[in-house]
Amino acid sequence: MTQIDPGRTQQPIVSNTSMALIVYILYFVAYFVGITAIVGVIMAHVQKGSGDALLESHYDFQIRTFWVGLLYLVVGTILAFVLVGFLVLAWWFIWSLIRNIKGILALNENRPIANPTSWMFG
């Protein structure tokens, strides 16, 4: 039986930066399999507070992207019955795609999101 030294801290299997990257990937996959966005936002909520300021800005941005995007989806779906909702849904797609691309590029360059609570593109 292997003993673990209680004084030694274990390194996480996945780094915090990789976790933020995984959330962005789950958001991209959600365009095809919607449930992955829910997994991603849960991961972002769990990771919030465990990283440095750079990662905190990304987690805030990801959480905001999910909740504002969900609002756009609900409003767009309801308004689709009067046709204007299709414009809202198109806006949601473009908006979320730009936010996800911008976020993943900033993470790749080790840059924080300038305005993670923005309703636009951060």
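This is a predicted model: local features need pLDDT of at least 70, side-chain atom pairs count only at pLDDT 80 or more; totals for chains, interfaces and linings use all residues.
Student: Why is Ser-57 called buried?

Tutor: Buried means under 20% relative accessible area. Ser-57 has 8% relative accessibility, so it counts as buried. Ser-57 is found in helix 3.

Student: Which residues touch Ser-57, not counting those up to four places away in sequence?

Tutor: Ser-57 touches Pro-112, Ile-113 and Pro-116. A touch here means heavy atoms within 4.5 Å.

Student: What makes His-58 buried?

Tutor: The cut-off is under 20%, and His-58 has 0% relative accessibility, so it counts as buried. His-58 is also placed in helix 3. Leaving aside neighbours within four places in sequence, its contacts are Tyr-24, Gly-103, Ala-106, Leu-107, Arg-111, Pro-112 and Ile-113.

Student: Why is Leu-83 called exposed?

Tutor: Exposed means over 50% relative accessible area. Leu-83 is at 62%, and therefore counts as exposed. Leu-83 lies in the loop between helix 3 and helix 4.

Student: What is noted about the backbone of Leu-83?

Tutor: Its phi is positive, about 70°, although Leu-83 is not a glycine.

Student: Where is Asn-110, and what is its phi?

Tutor: Asn-110 is in the segment after helix 4. Its phi is near 55°, a positive value in a residue other than glycine.

Student: Why is Asp-52 called partly exposed?

Tutor: Partly exposed is the range between the buried limit, under 20%, and the exposed limit, over 50%. Asp-52 has a relative accessible area of 47%, so it is partly exposed. Asp-52 lies in the loop between helix 2 and helix 3.

Student: How far is the C-alpha atom of Asp-52 from that of Asn-16?

Tutor: The two C-alpha atoms are separated by 9.0 Å, and the residues are 36 apart along the chain.

Student: How do you know that the length of helix 4 agrees with expectation?

Tutor: The expected span is 1.5 Å times one less than the number of residues. For the 24 residues of helix 4 that should give 34 Å, and the end C-alpha atoms are 34 Å apart, so the two agree.

Student: Which residues of helix 4 are buried, and what do they pack against?

Tutor: Gly-85, Val-88, Trp-92, Trp-95, Ser-96, Arg-99, Asn-100, Gly-103, Ala-106 and Leu-107 are buried. The buried residues of helix 4 pack against helix 1 and helix 3.

Student: How does the span of helix 2 compare with the expected one?

Tutor: Helix 2, residues 35-47, has 13 residues and reaches 19 Å from its first C-alpha to its last.

Student: Which residues of helix 2 are buried, and why are they said to be on the same side?

Tutor: The buried ones are Thr-36, Ala-37, Gly-40, Val-41, Met-43, Ala-44 and Gln-47. They cover an arc of only 160° around the axis, which puts them on the same side of helix 2. An α-helix has 3.6 residues a turn, so residues three or four places apart point the same way. The face turned away from the buried side of helix 2 carries the exposed residues Ile-35 and Val-46.

Student: What covers the buried residues of helix 2, and what comes just after the helix?

Tutor: The cover includes helix 1 (16-29) and helix 3 (53-79). Just after helix 2, Gly-49 takes a positive phi of about 95°.

Student: Which members of the largest nonpolar core touch the most other members?

Tutor: Of its 20 residues, these are Tyr-27, Leu-55, Tyr-59 and Leu-107. The elements giving two or more residues to this core are helix 1, helix 2, helix 3 and helix 4.

Student: What is Tyr-27 in contact with, neighbours within four places aside?

Tutor: Tyr-27 contacts Ala-37, Gly-40, Val-41, Gln-62, Ile-63, Thr-65, Phe-66 and Asn-100.

Student: How many residues line the largest pocket, and how much space lies in it?

Tutor: About 250 Å³ of space lies in the largest pocket. Its lining has 14 residues, of which Ala-30, Ala-37, Phe-66, Leu-73 and Trp-92 lie nearest its centre. Helix 3 and helix 4 are the elements that give two or more residues to this lining. The largest share, five residues, comes from helix 3.

Notes. Residues are numbered from 1 along each chain as its sequence is written. Side-chain values use heavy atoms; hydrogens and water are left out. Helices (H or I, at least four residues) and strands (E, at least two) are DSSP runs, numbered from the N terminus. Buried means under 20% relative accessible area, exposed over 50%, partly exposed in between (1.4 Å probe, protein chains only). The arc is that of the directions from the helix axis to the C-beta atoms. A nonpolar core is a set of buried Ala, Val, Leu, Ile, Met, Phe, Trp, Tyr and Cys residues joined through side-chain atoms within 4.5 Å. On a 1 Å grid over the protein atoms alone, a cavity is a set of points where a 1.4 Å probe fits but cannot get out, and a pocket is an open set with protein on both sides within 12 Å along at least five of seven lines; lining residues have an atom within 4 Å of a point. Grid points are joined across faces, edges and corners, and a volume is the space filled by probe spheres set on the points.
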